[in-house]
Amino acid sequence: MVAALTCWSVAEVVLRQDLAPRPLLLLAVLAVLGPLPWRRTHPLVAVAVSFGTLTIVDIVRILTESRGALLNSISATLILAYALFRWGSGREAASGLGLILLWLPITTVADPMSLAETVAGYAFFLFAAALGAAIRYRTKIRFRDIDHAKAREREQLARELHDIVAHHVSGIAIQAQAGRAIAASHPERAVEALVVIEDAATRTLTELRAIVGVLRATQDTEFAPQPGVAEVEQLATDGQTRPCVEVNLSGEFDGLSPAVGAAIYRLAQESITNARRHARHATQVTVAVTGDPDQVRLTIDDDGSAAGGRAPAGYGLVGMRERASLLGGTFHAGPAAERGWRVEAVLPRTGTPR
């Protein structure tokens with residue numbers, strides 16, 4: 001951007017004849033180009049340096065009665081007005097706007113304009129400021145919605161983990177009661193109960209570690225096991241509805257963390273729902289789950305039209321990505337190589353970050 005504005009300024013100097021003295025032109029160009037690289041990190045400083053220098057230049061022109069106009073490239077100050085309201089705080093925006101409104105009447109005196117031109121100049125700067133404020137507000141709303149989507153996914157994941165842990169603890173309690181009841185008459189069976197308790201306690205500790213760091217709202221929960229990889233097959237359809245859903249399971253799933261199994265099911269369920277809602281002309285959705293020694297891979301492909309109006313930044317995908325991240329995995333969603341849409345998630349079998 002600075003290079004383009006520099007070329008613009010040089011072209012004006014070469015082609016135009018009605019320009020102010022060259023020292024004033026050079027100072028005005030530096031006032032515009034110099035602060036641009038810092039317009040995002042220090043918007044008020046950039047505006048103060050630029051418009052302050054331009055104000056001094058115009059005052060000098062008025063006092064010395066210099067003939068000639070400044071370069072049209074100084075209209076790039078609109079970028080600084082936009083940046084002030086896009087990245088500056090409320091106090092910085094108010095202070096910077098005061099500097100801009102101070103410069104505008106001075107420059108209209110240095111370069112006499114008609115009423116229409118003066119109104120247009122004010123309108124351009126106010127529009128740039130309003131555009132910056134509008135985009136700032138929209139970005140803030142989007143970040144807030146993304147945070148809400150992540151929080152909802154964290155809450156749902158924590159609720160599922162809570163149910164899984166509660167299920168394990170219930171089993172431990174039952175085994176402990178049974179072991180105490182038979183300890184006197186069948187001590188060998190009591191030892192077997194202790195082995196089961198040890199295994200269940202180990203699994204419970206693993207799930208408890210996964211809960212750490214996940215926010216959970218206070219809600220009633222059902223003390224029942226969550227769906228896992230085996231239940232993914234239930235998402236398949238008989239071919240009478242469109243799109244048809246085909247599920248393929250391969251690999252080893254024994255010893256898989258219940259949290260990972262539940263996540264695989266939820267990700268597959270959400271992806272199929274998204275395909276039905278957004279994949280135009282889709283006839284087939286293929287769900288593939290592969291269990292490797294260290295990880296589980298989930299892939300969902302559909303054959304929908306490429307012009308399906310997908311929304312890659314949708315909040316459903318944000319939640320799915322957050323769920324995979326919390327379990328130490330990766331998530332990707334986007335157009336497939338040939339046609340349609342692909343969702344791919346890879347989760348460690350233990351469900352904990354490496």
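Helices here are DSSP runs of H or I of at least four residues, strands are E runs of at least two, and both are numbered from the N terminus. With that in hand, the sequence order of this predicted model can be read as α-α-α-α-α-α-α-β-α-β-β-α-β-β. The count is nine helices and five strands.

Start with the whole chain. The protein has 354 residues, and 39% of them count as buried. Its accessible surface is about 19600 Å². Carbon and sulfur atoms hold 60% of that surface. Residues 24 or more positions apart account for 75% of them.

Next, the cysteines. Cys7 has a relative accessible area of 55%, so it is exposed, the cut-off being over 50%. Cys244 has 15% relative accessibility, so it counts as buried, the cut-off being under 20%.

Helix 1 covers residues 2-15. It packs against helix 2 at an angle of about 165°, with the axes 11 Å apart. Angles over 145 degrees count as roughly antiparallel. Helix 1 and helix 2 are therefore roughly antiparallel to each other. Their crossing is right-handed. On the helix 1 side, the contact uses Val2, Leu5, Thr6, Ser9 and Val13. These meet Arg22, Val29 and Leu33 of helix 2.

Helix 2 spans residues 22-33 and also packs against helix 3, residues 43-64. Here the axes come within 8 Å and cross at roughly 160°. Helix 2 and helix 3 are therefore roughly antiparallel to each other as well. This crossing is left-handed. Helix 2 contributes Leu24, Leu27, Ala28, Ala31 and Val32 to the contact. Helix 3 contributes Ser50, Thr53, Leu54, Val57, Val60 and Arg61.

Asp111 sits in the loop between helix 5 (90-110) and helix 6 (115-182). Is Asp111 buried or exposed? Its relative accessible area is 18%, so Asp111 is buried. Which residues does Asp111 contact, leaving aside neighbours within four places in sequence? They are Arg61, Gly68, Ala69 and Leu70.

Now follow the chain into helix 6, where Arg136 lies. Arg136 has 34% relative accessibility, so it counts as partly exposed. Its contacts, not counting residues up to four places away in sequence, are Phe85, Arg86, Trp87, Gly88 and Ser89. Take Gly88 from that group. Arg136 and Gly88 are 48 residues apart along the chain. Their C-alpha atoms are separated by 9.5 Å.

One more loop remains. Ala236 lies between helix 7 (187-211) and strand 1 (244-251). At 33% relative accessibility, Ala236 counts as partly exposed. Beyond its neighbours within four places in sequence, Ala236 is in contact with Val245 and Val247. Another distance places Ala236 relative to Ile272, 36 residues away along the chain. The C-alpha atoms of Ala236 and Ile272 are separated by 9.7 Å.

Note on methods: Residues are numbered from 1 along each chain as its sequence is written. This is a predicted model: local features need pLDDT of at least 70, side-chain atom pairs count only at pLDDT 80 or more; totals for chains, interfaces and linings use all residues. Side-chain values use heavy atoms; hydrogens and water are left out. Buried means under 20% relative accessible area, exposed over 50%, partly exposed in between (1.4 Å probe, protein chains only). Contact means heavy atoms within 4.5 Å. Accessible areas come from the Shrake-Rupley method with a 1.4 Å probe; for residues, only the protein chains shown count as cover. Axes are lines fitted to C-alpha atoms, for helices over the stretch in contact, and angles run from 0 to 180 degrees between N-to-C directions. Angles under 35 degrees count as roughly parallel, over 145 as roughly antiparallel, 65 to 115 as roughly perpendicular and the rest as oblique. A crossing is left-handed if the near helix is turned anticlockwise from the far one by less than a right angle, and right-handed if clockwise.
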